[in-house]
Amino acid sequence: MDSQWNEEDAGQCNGDDLALRVYTSRLLGADARLVMHGGGNTSVKVHGRDFFGRELDLLYVKGSGWDLATIEKPGFPALRLEETCMLAELERLSDVDMTRELRALMVDPGAPAPSVEAILHAVIPHRFVDHTHADAVVTLTNNPQGDAIIAELYPDCLILPYVMPGFVLAKQVWVALQEEGLQSYKGIILAHHGVFTFADDARTAYENMIELVTRAEAYISERYAPARDRAASAVDLLALARIRRAVSEQRGEAQLAVLDDSSDAVAFAARPDVAEIATRGPITPDHVIRTKRIPLIVEGEPDSSVSAVAQFARDYEAYFAEHATENLTMLDTAPRIAIWRDHGSIAISSTLKDCRVVSDIARHTRAAIQAGEALGGWDTLSAGEIFELEYWSLEQAKLKKGSGETPAHLGKIALVSGAASGIGYQTCRELAAAGAVVVGLDVDASVVVSLADLGGVGIECDVLDDAAVIAAVNSTVKQFGGLDILVCNAGVFLGQGSVEEMNIADWERVIAINLTATQRLMSVAIPFLRLGVSPAIVVVGSRNVSAPGPGASAYSVSKAGLTQLARVAALELAPEGVRVNVIHPDAVFDTGLWTGEVLASSAQRYGVSVENYKTRNLLGTEIRAVDVARMIAAVASDLFAATTGAQVPVDGGNDRVI
Ligand code: ZN
């Protein structure tokens with residue numbers, strides 16, 4: 001690991017200590033071997049002034065909710081240093097008292113809450129203090145010979161056994177400093193936790209961190225080379241969807257299941273001893289709030305995931321019963337990581353963002369476990385010590401932040417055809433806004449960019465191409481773990497003219513795209529929808545079905561056929577819990593179907609102006625694509641959990657239908 005210090009970049013800080021603090025914090029945050037996803041913390045001590053202009057010493061320490069990789073000056077709340085140090089002298093300090101007192105010591109009460117390690121940063125006398133959870137160092141402490149290895153590698157560091165972070169750890173360091181000071185030390189090694197380095201200048205504190213971690217990395221790489229020669233084998237996508245459903249049911253809400261089948265994930269999952277070595281514990285205890293203490297292991301028959309998840313939940317209940325001391329409420333009993341024998345590692349969470357966090361932790365964890373095994377054994381903290389951190393109120397507070405009402409489609413996976421514009425695109429927006437991961441298909445390649453902008457995936461796909469449709473559905477399941485919502489929206493409006501004059505090519509094309517391709521798409525998706533969470537199919541029909549007009553026979557017939565297809569599907573799929581409903585929009589003019597020309601000729605046919613034609617419904621209201629999209633999202637949600645085979649108009653009321 002090399003120092004990334006750059007004189008030119010550092011020079012731009014113009015000697016401003018807080019700017020330098022931001023600069024080297026970002027250097028640390030940029031390397032996942034040092035810190036991951038909000039882990040680690042840093043500080044700087046400066047002379048400042050209070051509101052009245054009186055001089056005082058301030059501690060700027062990382063605020064909670066900030067990530068070192070992207071931190072800025074406002075991410076460092078300022079605390080009164082002297083009083084913060086005094087907290088370490090107390091005999092004991094409850095979490096509630098510590099949180100309140102630290103807040104009271106903030107110069108700006110509106111700044112973010114300071115790190116739970118603020119007191120520790122305060123008692124270290126040096127101006128710049130850096131703290132990471134470097135994989136390599138912690139890996140060496142997670143070893144039966146860890147103490148001896150660390151003593152040999154770090155004669156110039158203060159080495160401390162594991163204690164709970166927060167006040168207990170600050171107190172432990174404060175006591176050690178009273179006894180021997182830090183002058184002769186380059187850093188502090190905290191067993192099973194991480195590293196502190198410190199100096200009166202930003203560069204030395206940072207580069208000491210790099211040097212200490214590099215020692216551990218060198219020690220490991222001299223003794224162990226990771227084997228990464230295992231290619232991914234074909235994945236049974238139905239088995240993946242089964243795992244996802246079992247975990248979602250255990251969690252009580254839809255979860256994404258993102259498979260990592262990189263060569264190192266597969267190699268780990270293929271180790272004969274994986275079930276044993278993967279379930280000894282995490283690299284550092286603060287991962288537990290993201291990953292739970294151990295992963296789920298899935299192996300054997302495709303159906304075995306249901307019983308494996310049930311066993312995981314029973315084991316978790318036993319773990320809780322054994323270690324719960326006070327009036328604790330048990331967290332959910334569902335796993336966050338599944339090691340799928342021979343196939344890789346699955347990250348399980350409600351959002352893609354959280355899946356990425358879990359997946360990153362899983363990748364670092366398996367590397368650490370295997371290095372540890374090669375160096376004499378992977379030996380983590382006890383289950384009781386991990387439990388203490390999992391149920392520590394200050395850790396739980398991190399998870400609760402920002403959790404409000406659960407969006408209707410959180411954790412759901414949706415596939416929408418005809419997604420590039422109009423009703424299809426608006427439906428993607430609505431579903432994504434309600435928490436779903438959305439895959440949009442369209443023959444128009446612009447869908448790739450427009451869906452990416454929604455945080456989803458756009459696939460250029462002609463629904464007439466069976467192979468392309470199969471590939472798109474498979475890719476959806478492979479990426480996210482399953483399929484819950486199918487919106488059949490792709491359609492064309494061609495073949496104007498009377499029945500007598502109907503052009504055969506137009507007729508066949510309309511029937512092929514609007515009707516036959518929808519049957520094919522349903523047929524490919526149904527096996528996965530059966531394994532979905534509150535699964536639903538929504539078919540976009542048309543007011544034409546119940547109130548056809550002259551001159552559009554192909555379109556009307558295709559939509560009538562589609563409606564009947566949906567009704568039959570509703571009958572066939574109801575026993576398996578898949579709901580199928582039809583939306584009948586009318587006169588939605590902000591879609592691709594309605595060119596100015598089509599609009600004008602339709603208005604003419606009814607003998608009204610274009611403006612009157614647009615609002616010629618009982619409510620006299622213009623129907624927009626987004627109105628239809630909102631209804632589709634609602635019908636796909638649990639609001640309509642007891643509705644199948646229904647036909648819902650979104651047409652402003654039509655006297656010919658009512
Ligand atoms: Zn820490």
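The structure is a predicted model, in which local features need pLDDT of at least 70 and side-chain atom pairs count only at pLDDT 80 or more, while totals for chains, interfaces and linings use all residues. Residues are numbered from 1 along each chain as its sequence is written, and side-chain values use heavy atoms, with hydrogens and water left out.

I begin with the metal. The zinc ion has three protein donors, the NE2 atoms of His131, His133 and His193, at 2.1 to 2.2 Å. Donors here are N, O and S atoms within 2.8 Å of the metal (3.2 Å for Na, K and Ca); water is not among the atoms, so sites may look incomplete. Along the sequence, the donor residues follow the spacing H-x1-H-x59-H. His131 belongs to strand β4 (residues 128-132) and His193 to the loop between β6 (187-190) and β7 (194-199), so this pair ties together parts that are 62 residues apart in sequence. Helices (H or I, at least four residues) and strands (E, at least two) are DSSP runs, numbered from the N terminus. His131 and His193 are both buried, a term that means under 20% relative accessible area, with exposed being over 50% and partly exposed in between (1.4 Å probe, protein chains only).

Finally, the salt bridges. A salt bridge is a side-chain nitrogen of Lys or Arg within 4 Å of a carboxyl oxygen of Asp or Glu, and by this rule the count is 34. In one of them, the side chains of Asp332 and Arg251 meet at 3.3 Å, N to O. Asp332 lies in the loop between α14 (304-323) and β10 (337-340) and Arg251 in helix α10 (residues 237-251), so the pair ties together parts 81 residues apart in sequence. Asp332 is partly exposed, at 22% relative accessibility, and Arg251 is partly exposed at 23%.

Asp332 also forms a salt bridge with Arg336, with the closest N and O atoms 2.6 Å apart; Arg336 is buried, at 9%.

Another salt bridge joins Lys478 and Asp261 at 3.1 Å, N to O. That pair links helix α20 (residues 466-480), which holds Lys478, with the loop between β8 (256-260) and α11 (263-269), which holds Asp261, 217 residues apart.
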